[in-house]
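Here are my notes on this one, as promised. Have the sequence and the 3D view open while you read.

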Amino acid sequence: MINYEEGISLIGGGMVGASLALLLAKTLPATPIRLFECAAASHAAPQNEPAWDGRSTALAPTSVSLFRALGVWPQLAPFATAIERIHVSDQGSWGLSQFTRQDNNQQPLGQVVENSGLQSVLQHALNQHPNIELIPQRISTLKPRAEGMQLSWLSPEGEQTSAAKLVILADGADSPLRHALGIPVREVPYEQTALVANVRFALPHGGCAFERFCPQGPMALLPRGQSNQGRVGALVWTFPRAEQTAIAALGDDELIARLQEAFGHRLGRFEAVGQRQFYPLRLLVAKEQVRSHLVLQGNAAHFLHPVAGQGFNLALRDGLRLAEILSDSPDALGSLAQLKRYEQAVQEDQTRTISLSDGFNRVFSRREPHWRWGRDFGMLLLETLPPLRQAFIQQLSGKAQPVIFPWGHHAETQ
């Protein structure tokens, strides 16, 4: 009989929860793992052709390496588009930076994967793992115990309770359990909203990812599949929150005109826009990421601005370091000494990554002339100084602080 009180309970599903569960199951094959996911209903089988609507995620090279090591990349590849080039520009200024495969040892600078495909592939992999149990229930309470954490949830049979040596809390930026445990957060409202949609344009994207800094806020356009001969991209457009109602009321033609004005004609004319989704933006960082027998992961630990696409990739690197510590520690599973070592191991990477995404947004949202000149000069330095260029691309690719898989491989290759 499986003794779950000696194992790991992971609270929160989605892409982060599923990825962490698979990572821990591979790293600790003898440890029972339960994944509590209230939305764990089976995902529909994905189609090879990208859907017109639906979100996408940019995977850094280290994240691609992780999915390769987990054995799921062959299933993910049909839903992925290689980033061959990154084009960074500042609207109304001459500043421009471009990055290519040459900046990443002739390997792609990342992959853009459709969320629906990623979720489906991960769900299938979870169902194949003998030491993972999926429980489609929402945890209602967490209580510390002397040798672990007590979990309670409501099932069709009534209230259930159990315990675990280690609880991983990954239930989102607005985590109710984090709040109930009294874990404080540092929160910085950006007063910005992100519009997420797929767009179709006249010219093929050629695997190029665009980061365009506009007076309203950053605009990212990621290459998405080969649908329509590579003329579809995943758009993330940031603008002041006060404008959300007006922008949401725009018709497709009016919205396309606004996007065209901000982005320019690098991909020809914008021809169509898909279903729109709006997300309020803020920076949120938990001031306590570990307690005895408890560790926060994903958005419950840190919720970042989407500029530079670092949030999910940072969560995966956190998970890699947690798995490495758990597999290589002489301390008891979930002990405070063990988790403090994890906290120390991720501190530098988290600080750099959070500073990058927050700083990008703040620096490029300022429109005063001296800020523009400073940005233009900075992008010129990126184009002309190889050491600075290399450091920048190392941070974007997740390699600024070396990551090693718990089973011995370097997370350095694409």
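Predicted model: local features only at pLDDT ≥ 70, side-chain atom pairs only at ≥ 80, totals over all residues.

1. Three strands make an open sheet in the order E3-E7-E4, and the pairing is antiparallel. At the edges sit E3 and strand E4 (80-82), each of which pairs on one side only. On average, and ignoring direction, neighbouring strands of this sheet are turned by 20° against each other. Helix H4 lies across E3 and E7, and its direction is at about 75° to E7.

2. There is also an open sheet of six strands. Its order is E8-E2-E1-E12-E20-E19, with mixed pairing. Strand E8 (132-135) and strand E19 (290-291) are the edge strands, each pairing on one side only.

3. Take E1 as your way into that sheet. Strand E1 (residues 8-11) runs parallel to strand E12 (residues 166-169), and four bridges join them. E1 and E2 also run parallel, again joined by four bridges. Ile 11 is a handy landmark: Leu 169 in E12 stands opposite Ile 11, and in E2 the bridge partner of Ile 11 is Phe 36.

4. E2 deserves a look from both sides. In a regular strand, side chains alternate between the two faces of the sheet. In E2 both faces are covered: Ile 33 and Leu 35 are buried on one side, and Arg 34 and Phe 36 are buried on the other. Helix H1 (residues 14-27) lies across E1, strand E2 (33-36), E8 and E12, and runs at about 175° to E2.

5. Next, helix H2 (residues 61-69). How many of its nine residues are buried? Seven are, so the helix is mostly covered, given that buried means under 20% relative accessible area. The buried ones are Pro 61, Thr 62, Ser 63, Val 64, Ser 65, Leu 66 and Phe 67. They pack against quite a list of elements: H1, strand E3 (56-59), helix H3 (73-76), strand E7 (111-114), helix H4 (115-128) and helix H8 (311-328). After H2 comes Gly 71, with a positive phi near 80°.

6. If you like aromatics, there are six aromatic pairs in the whole structure. One of them is Phe 210 with Phe 263, an edge-to-face pair with 5.1 Å centre to centre and 80° between the planes.

7. The aromatic story carries on from Phe 263. Phe 263 and Phe 270 form a tilted pair, at 5.5 Å centre to centre and 50° between the planes, and both are buried. Together, Phe 201, Phe 210, Phe 263 and Phe 270 form one aromatic cluster.

8. Which ring does the charged end of Arg 55 sit over? That would be the ring of Tyr 279, with the charged end 4.5 Å from the ring centre.

9. On cysteines: the structure holds zero disulfides. Cys 208 is buried, at a relative accessible area of 1%, and Cys 214 is buried, with a relative accessible area of 1%.

10. Last stop, His 129, in the loop between H4 and E8. Is His 129 buried or partly exposed? Its relative accessibility is 26%, so His 129 counts as partly exposed. Setting aside neighbours within four places in sequence, His 129 is in contact with Leu 22, Ala 25 and Lys 26. Of these, Lys 26 is 103 residues from His 129 in sequence, while the C-alpha to C-alpha distance between them is 9.0 Å.

Technical notes
Residues numbered from 1 in each chain as written. Heavy atoms only, no water. Pairing = 2+ DSSP bridges. Helix = DSSP H or I, 4+ residues; strand = E, 2+ residues; numbered from the N terminus. Contact = heavy atoms within 4.5 Å. Axes fitted to C-alpha atoms, helices over the stretch in contact; angles between N-to-C directions. Phe/Tyr/Trp six-rings, centres within 6.5 Å; stacked < 30°, edge-to-face > 60°. Buried < 20%, exposed > 50% of the residue type's maximum accessible area, 1.4 Å probe, protein only. Lys NZ or Arg CZ within 6 Å of the ring centre and 35° of its normal. Disulfide = S-S within 2.5 Å.
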